[in-house]
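Q: I would like to learn how to read salt bridges, pockets and backbone angles from a model. Where do we start?

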Amino acid sequence: GQPEVYVIPAAGGKPRNLTSHSASDSWPSFSRDGDWIYFNSNRTGERQIWKISASGGHAVQMTSNGGYAAVESTDGAYLYYNQTMGMPGPLWSLPTSGGVPVKVLEGVVLAAFVVLERGIYYLDRPSADGGIYSVDRPSGETRLQYFDFATRKSTTVARNLGNVEPCLTASQDGRTIFFT
């Protein structure tokens with residue numbers, strides 16, 4: 001009756017509930033080393049990013065400024081996360097060892113970003129009065145962007161993408177991007 005985070009061996013077997021909490025827990029992602037699972041939860045009353053050992057145990061709160069979808073950097077040093085769900089919003093970076101979050105980008109569509117070794121591909125909607133789902137009517141242009149870590153600048157890869165779903169991924173070499 002409520003979202004929870006489950007794991008199951010790739011070879012098959014019985015799903016195991018990792019979060020088993022009265023809160024709503026969702027949008028899980030593995031850490032790069034596979035030891036942790038990040039997820040969002042409303043256990044403090046607001047949606048925040050949490051992490052829990054992939055083998056289970058006590059969940060640890062990672063963010064305090066809100067959070068919905070989170071992905072680690074390829075070296076596991078940083079956690080990138082969206083702060084908002086219903087509208088395109090900021091993408092933040094936080095050291096996985098703890099520290100102060102830093103705003104990286106604006107206008108990012110929920111979960112529509114992928115962190116690669118040299119940068120981040122993301123879908124944005126800079127003049128975003130419309131919602132994030134395909135059933136919403138976006139008021140701004142939806143674009144596929146690439147943020148380069150070296151230059152700290154974004155470039156437009158594709159324009160006028162219309163309505164999009166909140167998902168995006170890319171091949172590890174960054175040569176192919178998939179979105180809905």
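A: We start with a definition: buried means under 20% relative accessible area, exposed means over 50%, and partly exposed lies in between. Keep in mind that this is a predicted model.

Q: What is the relative accessible area of aspartate 25, and what class does that give?
A: The value for aspartate 25 is 0%, so this residue is buried.

Q: Which residue does aspartate 25 meet in a salt bridge?
A: In general, a salt bridge is called when a side-chain nitrogen of Lys or Arg lies within 4 Å of a carboxyl oxygen of Asp or Glu. Here the partner of aspartate 25 is arginine 43, with an N to O distance of 3.0 Å. The pair joins distant parts of the chain: aspartate 25 belongs to strand S3 (residues 25-30), while arginine 43 sits in the loop between strand S4 (36-41) and strand S5 (48-53), 18 residues apart. Arginine 43 has 21% relative accessibility and therefore counts as partly exposed.

Q: How many salt bridges does this rule give?
A: The count is 4 salt bridges. One of them pairs arginine 143 with aspartate 124, whose closest N and O atoms are 2.7 Å apart. This pair also links distant parts of the chain, with arginine 143 in strand S12 (residues 143-148) and aspartate 124 in strand S11 (residues 119-124), 19 residues apart. Arginine 143 and aspartate 124 are both buried.

Q: Are lysine 103 and glutamate 106, which meet in a salt bridge, buried or partly exposed?
A: Lysine 103 is partly exposed at 43% relative accessibility, and glutamate 106 is partly exposed at 47%. Their side chains meet at 2.9 Å, N to O.

Q: Which strands supply at least two residues each to the lining of the largest pocket?
A: They are S3, strand S7 (70-72), strand S10 (102-115) and strand S14 (168-170). S10 gives the largest share, 4 residues. By class, the lining of the largest pocket holds 14 nonpolar, 3 polar and 1 charged residues.

Q: Last, the backbone. What is phi of serine 20, and where is this residue placed?
A: Most residues other than glycine have a negative phi. Phi of serine 20 is near 30 degrees, a positive value in a residue other than glycine. Serine 20 is placed in the loop between strand S2 (16-17) and S3. With a relative accessible area of 59%, serine 20 is exposed.

Q: What is phi of asparagine 160?
A: Phi of asparagine 160 is near 55 degrees, again a positive value in a residue other than glycine. Asparagine 160 lies in the loop between strand S13 (153-158) and S14. Its relative accessible area is 62%, so asparagine 160 is exposed.

Methods
Residues are numbered from 1 along each chain as its sequence is written. This is a predicted model: local features need pLDDT of at least 70, side-chain atom pairs count only at pLDDT 80 or more; totals for chains, interfaces and linings use all residues. Side-chain values use heavy atoms; hydrogens and water are left out. Buried means under 20% relative accessible area, exposed over 50%, partly exposed in between (1.4 Å probe, protein chains only). Ala, Val, Leu, Ile, Met, Phe, Trp, Tyr, Cys and Pro count as nonpolar, Asp, Glu, Lys and Arg as charged, and the others, Gly among them, as polar.
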